[in-house]
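I opened this notebook to record which charged side chains pair with one another. The entries follow the order in which I looked things up.

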Amino acid sequence: QVQLEESGGGLVQAGGSLRLSCAGSGRTFSTYAMHWFRQIPGKGREFVAGIDWLGTTIEYADAVKGRFTISRDKNMVYLQMDNLTPEDTAVYYCTADSLAVRPYSPDYSGQGTQVTVSS
């Protein structure tokens, strides 16, 4: 069992930055691939970024390449978000999967943290 808790969301102006954090716990957490997904009201959850358990394989959605950076350290996973735009407004979820860096349906998910970017 893996437990995930996000923090760091909030309100920021367009062009600004935020750093999301995810604290993970559980006996096998360190061996899981970790990801960030986001969801806009009325739309499905979409993949944002993923990192394997070694931190050597990383993938990003095209919409965030060059602006977002995912990283992990011990029991923490981070998403550094720079040059934010109103289109990045969403609830962001930290997720974990035993296999995939870019899963269709991750094994575990946190409760989410709201990110709002004003224009």
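**Salt bridges and burial**

I began with Arg-38, which counts as buried (under 20% relative accessible area; exposed is over 50%, partly exposed in between, with a 1.4 Å probe and protein chains only), at 6% relative accessibility. I note that this is a predicted model, in which local features need pLDDT of at least 70 and side-chain atom pairs count only at pLDDT 80 or more, while totals for chains, interfaces and linings use all residues. Residues are numbered from 1 along each chain as its sequence is written, and side-chain values use heavy atoms, with hydrogens and water left out.

I then looked up the partner of Arg-38. Its side chain meets that of Glu-46 in a salt bridge, 2.5 Å from N to O; the term denotes a side-chain nitrogen of Lys or Arg within 4 Å of a carboxyl oxygen of Asp or Glu. Glu-46 is partly exposed, at 35% relative accessible area.

Next I turned to Asp-88 and Arg-67, whose side chains form a salt bridge at 2.7 Å, N to O. This pair links distant parts of the chain, 21 residues apart: Asp-88 lies in the loop between β8 (76-81) and β9 (90-97), and Arg-67 in the loop between β6 (58-60) and β7 (68-73). Strands here are DSSP runs (E, at least two residues), numbered from the N terminus. I found Asp-88 buried at 2% and Arg-67 buried at 15%.

Which residues are linked in a network of salt bridges? I recorded Arg-38, Glu-46, Arg-67 and Asp-88.

I also noted Asp-62 and Lys-65, joined by a salt bridge at 3.2 Å, N to O. Asp-62 is exposed, at 65%. My last entry is the total: the structure holds six salt bridges.

Methods. Helix = DSSP H or I, 4+ residues; strand = E, 2+ residues; numbered from the N terminus.
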